[in-house]
Amino acid sequence: MFGGEPDTKKGRKCIAVAALLLTASIVALLRTVPAFSQETELRGEVSESAILADQQRKARQLRPQGSLDQAVPATQTAEDQTPANPYEPASPGAVPDDDQTGGAEGSILNQPRVTDDPFADNQTMAAPRPPPTARQSAGAKAKSDAKAADKKNANKKPGQTADSTAKAATGDPAETAATEDDGANRRAVTIDSVDRQKLDPGAERTGSIEGQKVRLEDDPFAAPGIKLGTFVFRPTLEQGLTATSNADASAGGRSAVLSETALRFSATSDWRENSAVIDGYGLFRNTLSGQKINDAQGRIEGQLSVDLDNELRAIARLGYEAVPESASSPDAIAGVTSQPLRQTVDGSLGIEKDVGKMRYALTGAVSHDFYGDAKLSDGTVLSLKDRDSTLYSATLRTGYQVSPAMTPFVEVEAGRRIYDLRLDSNGFERSSTRLGARAGLELDMREKLSGEFSVGWLREGIDDDRLPAIAGPYVNADLKWSPERGTIIGLTGRTTVETTTIANESGDLLYSGRLTGERQVRANLTANTALGLDWRDYTGSDGHDLILSAEAGLTWWLNRYAGLTTRIRTEKLTSNLPGRDYVANSVYLGLKVQR
């Protein structure tokens, strides 16, 4: 109807145009996919320095643009604001260089243009996505605002409404955006942020043990002790030689070289409330050359302190002693191969109570002496059972604590001495009654000065009227003074009633005093000295004995467990009774071990 050839040519042209348009549309679609793919979260992390540099560059470029925008009237159309020569890439997906961009539009961080027509010349830019630093700042500000709101809400009264609830009700967009950005920031955790976190105080490194100062021991050569159950046992063994001018310390004594072995020990309880102490010693002497001496002596005693109810405290003591009769004793027997052995078993039980500043104590004591037989030089044996006796006594003390360091007291004593045999070998009734009173002062200045001393009067009346009573002043002291560190001065004093079975004699009072000093010259070198004074006053006569003694020694510790010890000693007895004077000098050198 129209002719076939012209229609065919027109159809071919239409098909070519349609194919060209389809090709252009496909190219446009391919160009938009990589541009919009940057909206996804699959994009890698961008360094904050690059983001900050890009923001600063855009700010510098926008300053002149902003000044020009202020000069343009508000009625200017959108067509006038469009760039004259927009960039058109030569190939799909091409990105312009920095020197080819005229403004902030060419930044690689900007979003693609938003339009329905990919071939439009005037394409508006999509709103730029806030950089990570801005989001972090917004998140931090949102956190601080939330903390301030919580604090403010906490201070409000129950009837008031919280700020966060009001803002959520009004739907503040800024708060909502800050909350969303804060959630996104928490997901972006880097290795550097983990390293900047504060460590747990319990996981921090501490200083090395080697660098810390080690506390020095007060006495590095003191015996460490052996743990035995709930007690700490500290034994000491000393072995040495003694050269003496008077082996038995008597008027007829001769020189000799003796082997001396001394064993001493102490055991202290490790209890929480109560306490117990056990002390003991043993001394053995044998002659190596010179005058024949073969004797042994020793003592063991224990003390137990128990806290009772109602502020009561009980103190119990028990002891045993075995000592040969001294050759210088008034009761010494002449012409014996060895002096008889005197054994003593003693014990006491006391109750103490504090009422305010008043101090009360009641103590009962028992002491039993019994003697062995004496072996005479002719081979006969002499029994000394008539000297066996038991002393029972009770002591009441009352004190007032003037200060924590001083407590004066008064003390009264009453006792009874009973002999096993009512009559001795000479027909005298030796049992007696004991009475005494004294006043003293108890000191407690810790390590500086401690102990007590007292003076008074003591009388022991014998049942037999033919014998006068043993009576006289009473002195007792036990003090320790430390004028400086490493130095200890001790003073002891004691009054002892010495009974006898000699015919027509009652006995005597023996006053003994001893002043000791110990000085730690070095950590492993200790010096000690002692001065002694004894006065014996015979009852019923003007007889008396004066005994003076002096001693000095050194102990050099090789280590904590062993040391060398030496001492020199001199003793002199002067009496107005015939045949009692003597002088004894001795030198000792030995090895001392402890544990």
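I started with burial: 27% of the protein's 595 residues count as buried (under 20% relative accessible area, with exposed over 50% and partly exposed in between; 1.4 Å probe, protein chains only). This is a predicted model, where local features need pLDDT of at least 70 and side-chain atom pairs pLDDT 80 or more, while totals for chains, interfaces and linings use all residues. Residues are numbered from 1 along each chain as its sequence is written, and side-chain values use heavy atoms, leaving out hydrogens and water.

Next I checked the fold elements and got 7 helices and 22 strands (DSSP runs numbered from the N terminus: H or I of at least four residues, E of at least two).

Then the rings. I found 2 aromatic pairs (Phe, Tyr or Trp, the last by its six-membered ring, with centres within 6.5 Å; planes under 30 degrees apart are stacked, over 60 edge-to-face, the rest tilted).

F231 and W271 are edge-to-face, because their planes stand at 75°, with centres 5.6 Å apart. F231 is in strand β2 and W271 in the loop between β3 and β4, so this pair ties together parts 40 residues apart in sequence. I noted W271 as partly exposed, at 34%.

F233 and F265 are tilted, at 40° and 5.8 Å centre to centre. This pair links strand β2 to strand β3, 32 residues apart in sequence. F233 is partly exposed at 23%, and F265 is too, at 24%.

Last, charges over rings (NZ of Lys or CZ of Arg within 6 Å of the ring centre and within 35 degrees of the ring normal). R387 has its charged end over Y371, 4.1 Å from the ring centre. For R438 over Y474 I have 4.3 Å.
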